[in-house]
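Here is a friendly set of notes to read beside the structure. Please keep the viewer open and follow the points in order.

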Amino acid sequence: MNTPATVAPGPRDGAALAQLVGEALTHAQGHADTEDAAEIRAITNAMVRLLIGAPLHSDGKLTIVSLATESGLRRNKLTHKHTGLKDLFYALVKARTPVPEALLDSARARAAKQQEDLARVRAERDDLRGQMQLLARIVHVLEIENSKLKETNAALGQQVAAQASVPDLTRRRRRP
């Protein structure tokens, strides 16, 4: 049987906690400074929207920049004035996404395998580059030899044509 202490908090639990803290902070400050109360409400409402995955004004990332954008305030309001809400947001984000140790181990193993694969592919690439350069040199040598053979063939063809005009007496048959 699951007890509340053993159940990992979900995104809705964090959102409810953020809303509860925001209301408590607003009531604790009273009506003396309505600007601060409005900022706290805006921040906690933005926290709720981000934690449940329904942002209205930001990219939905769980960062202080997104929280500030979502709340419609400048980032320094969170980093300098409402640091408690910033810390609460970070704590809720951390509690929201617990990463099991087995998942970390599998991610490390996968990363190590990818590094090995990358090293193997790079070595294969370097080997293929060497083979390509060797083949390029061979093709170049063969082109030069082919060109020389064509020149020699043309020269021999000219010699044969020149000799064709002179009758070849050695090939005549003698009549007995």
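1. A term to begin with: a salt bridge is a side-chain nitrogen of Lys or Arg within 4 Å of a carboxyl oxygen of Asp or Glu. Searching the whole structure turns up eight salt bridges.

2. Residues are numbered from 1 along each chain as its sequence is written, and side-chain values use heavy atoms, with hydrogens and water left out.

3. Next, confidence. pLDDT is the predictor's confidence in each residue, from 0 to 100. The chain has an average pLDDT of 79, and 72% of the residues score at least 70. Residues 1-11 stay under 50, and the model gives them seven contacts beyond four places in sequence (contact means heavy atoms within 4.5 Å). Where pLDDT is low, the predicted coordinates should not be read in detail.

4. Helices here are DSSP runs (H or I, at least four residues), numbered from the N terminus. E39 pairs with K77, with the closest N and O atoms 3.0 Å apart. This pair links distant parts of the chain, as E39 lies in helix α2 (residues 34-52) and K77 in helix α4 (residues 75-81), 38 residues apart. Are the two partners buried or exposed? Buried means under 20% relative accessible area, exposed over 50%, and partly exposed in between (1.4 Å probe, protein chains only). E39 is buried because its relative accessible area is 5%, whereas K77, at 23%, is partly exposed.

5. K86 and D87 meet at 4.0 Å, N to O; K86 counts as buried at 19% relative accessible area, and D87 as partly exposed at 44%. R125 and D126 meet at 3.2 Å, N to O. Here R125 is partly exposed at 37%, and D126 is partly exposed at 42%. There is also a network of salt bridges, which links K113, D117, R120 and E124.

6. Helix α2 deserves a look of its own. The buried residues of α2 include I40, I43, A46, M47 and L50. Just after α2 comes G53, with a positive phi of about 85°.

7. Helix α3 is largely enclosed by the rest of the structure, because six of its eight residues are buried. They are I64, S66, L67, A68, E70 and S71. Which elements cover them? The cover includes α2, α4 and α5 (83-96). After α3 comes G72, whose phi is positive, near 80°.

8. Finally, please look at S58, in the loop between α2 and α3 (64-71). A polar contact is a pair of N or O atoms within 3.5 Å; within protein, one must be able to donate a hydrogen and the other to accept it, and residues adjacent in sequence count only if both atoms are side-chain atoms. The S58 side chain makes such a contact with the side chain of E70 at 2.9 Å, and reaches the backbone nitrogen of G60 at 3.4 Å. Setting aside neighbours within four places in sequence, S58 is in contact with L50, S66, T69 and E70.

Notes:
Helix = DSSP H or I, 4+ residues; strand = E, 2+ residues; numbered from the N terminus.
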